[in-house]
Amino acid sequence: KKPYRLKFSEKRSPLGAPASAKKWTLINNYGDKSLIRNMIGYDMSAAMSGLEYTVMHEFIDVYLDGEYYGLFMMCDRIDEKEGRLGLDAPISEDPAEMGYIIEIGMTDRLGSGKDGWSEDRDKNRSYSISYPDIDDPNFKYDVHMAYIEDYFDQCLAALSDKNWEKICELIDIDSFVDYYILQELFMNKDCFWRSVHFYKKPNGKLYAGPAWDFDQTIGNANDLFGLNQYDATPDCDINFVDTVHNSGKTAGHLWIAQANTWYRRLLRNEEFVALVQKRLREVQPIVEELLALTTTDGSNPNAYYTRYSKAMERNFKRWTIMGQQIWPHTPILREIDTVKGQIDYVNDWLGKRYVVLCNWYKVEL
């Protein structure tokens with residue numbers, strides 16, 4: 001079951017999407033037997049006021065030439081267009097007057113080494129620029145790329161120095177707080193190294209997000225970068241040792257707080273910790289709504305399973321993988337052989353994980 005990119009001959013707004021565009025993404029969710037981890041992640045992102053933009057996300061059945069291909073999720077692409085991030089504008093001679101979209105990744109997007117840089121303040125991790133288009137003749141590598149690379153370097157330097165005033169000057173704190181809670185609550189393996197996006201507004205600060213890629217979350221990861229730590233429980237006590245960079249850090253019950261350079265440094269500031277504590281209290285109704293949406297007993301007519309169970313069952317008749325080892329499953333997920341059981345696991349894991357975070361940050365429930 002492969003993911004697809006859908007390209008219309010002209011711009012459209014399918015399923016009432018805010019954006020009008022030719023290109024759309026069909027997410028396969030093949031490695032997630034609950035089929036809902038991406039849906040939950042985007043639903044929570046959409047409910048968090050600090051995250052300005054969340055991709056459109058809707059379940060659809062896909063047929064190609066009369067053959068049923070399964071249940072997919074139609075989503076926006078993360079790009080600059082109106083109705084998405086809304087950064088689209090001609091390239092300016094002044095690089096500060098432009099919008100930018102950046103992603104942390106193992107390799108740069110084009111594979112040419114031209115659309116990104118290696119950030120030595122982040123263990124030489126690769127940062128790639130997806131907007132603006134570096135092939136645009138008006139894009140000046142030594143001006144525009146140098147500007148955004150230097151801006152990121154200033155951000156990471158301020159984080160290293162615990163310079164809270166400078167940090168607040170450079171980054172949008174509300175977006176970084178909400179993005180952290182979302183990623184930490186879901187214990188997202190990918191938040192360490194890829195699928196992490198930033199965007200910078202013209203003459204504005206750096207924002208965390210948009211949120212993307214949640215299939216390896218909520219206990220659905222059979223290792224955390226070679227550590228072979230089965231995170232089948234939401235309070236997995238990870239002795240985080242970065243085998244590549246030999247950091248030797250101990251994460252305890254937290255993952256993003258240690259695995260992601262930005263948050264490891266942000267959380268050294270008591271001001272940021274206080275904002276996380278405050279926000280954890282505020283998002284409790286959002287978490288409770290997510291838990292209600294992941295019930296399977298029919299008590300909630302809006303629950304994912306209530307609304308989509310027939311489509312989900314049809315998907316697994318097409319893709320007979322229940323009870324089989326499919327990357328990135330933990331042993332316990334391999335043993336759960338119904339979609340109802342997989343969703344029940346998500347519900348139980350997420351509820352317990354929220355309690356773990358509140359206990360860690362000393363937030364009373």
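**A walk through the predicted fold**

The chain has 11 helices and nine strands; helices (H or I, at least four residues) and strands (E, at least two) are DSSP runs, numbered from the N terminus. This is a predicted model, in which local features need pLDDT of at least 70 and side-chain atom pairs count only at pLDDT 80 or more, while totals for chains, interfaces and linings use all residues. Residues are numbered from 1 along each chain as its sequence is written, and side-chain values use heavy atoms, with hydrogens and water left out.

Let us begin with the whole chain. Of its 365 residues, 58% count as buried, where buried means under 20% relative accessible area, exposed over 50% and partly exposed in between (1.4 Å probe, protein chains only). Take the contacts (heavy atoms within 4.5 Å) with a separation of 6 or more: 66% of them come from residues 24 or more positions apart.

Next, look at strand β4 (residues 67–75), where eight of the nine residues are buried. Strand β3 (residues 57–64) runs antiparallel to β4 and is joined to it by eight bridges; two strands pair if DSSP finds at least two bridges between them. Within this pairing, D61 stands opposite L71. The two strands form a hairpin with two residues between them, and D65 in the turn has a positive phi of about 55 degrees. Strand β2 (residues 21–27) is also antiparallel to β4, through three bridges, and the bridge partner of I27 is M73.

Now move on to an open sheet of five strands, in the order β6-β7-β5-β8-β9 with antiparallel pairing. Its edge strands, β6 (116–119) and β9 (206–208), each pair on one side only. On average, neighbouring strands of this sheet are turned by 30 degrees against each other, direction ignored; axes are lines fitted to C-alpha atoms, for helices over the stretch in contact, and angles run from 0 to 180 degrees between N-to-C directions. Four bridges join β6 to the antiparallel strand β7 (residues 125–131), with W117 opposite Y127. Helix α2 (residues 141–160) packs on the sheet and touches β5 (100–105), β6, β7, β8 (196–200) and β9, its direction making about 30 degrees with that of β6. Helix α4 (residues 173–186) lies across β8 and β9, at about 20 degrees to β9.

H197 is buried, with a relative accessible area of 6%. Although H197 and I104 are 93 residues apart in sequence, their C-alpha atoms are 6.6 Å apart in space. Beyond its neighbours within four places in sequence, H197 is in contact with residues including I78, E103, Y179, Y207 and W212.

What about the nonpolar cores, meaning sets of buried Ala, Val, Leu, Ile, Met, Phe, Trp, Tyr and Cys residues joined through side-chain atoms within 4.5 Å? The largest has 107 residues, of which F176, Y180, F198 and W262 touch the most other members. Not counting residues up to four places away in sequence, F176 touches F198, L206, W262 and F272, among others.

Finally, helix α9 (residues 304–318) packs against helix α11 (residues 339–360) at an angle of about 130 degrees, with their axes 10 Å apart. The contact is made by Y305, M312, E313 and F316 of α9 and V339, K340 and I343 of α11.
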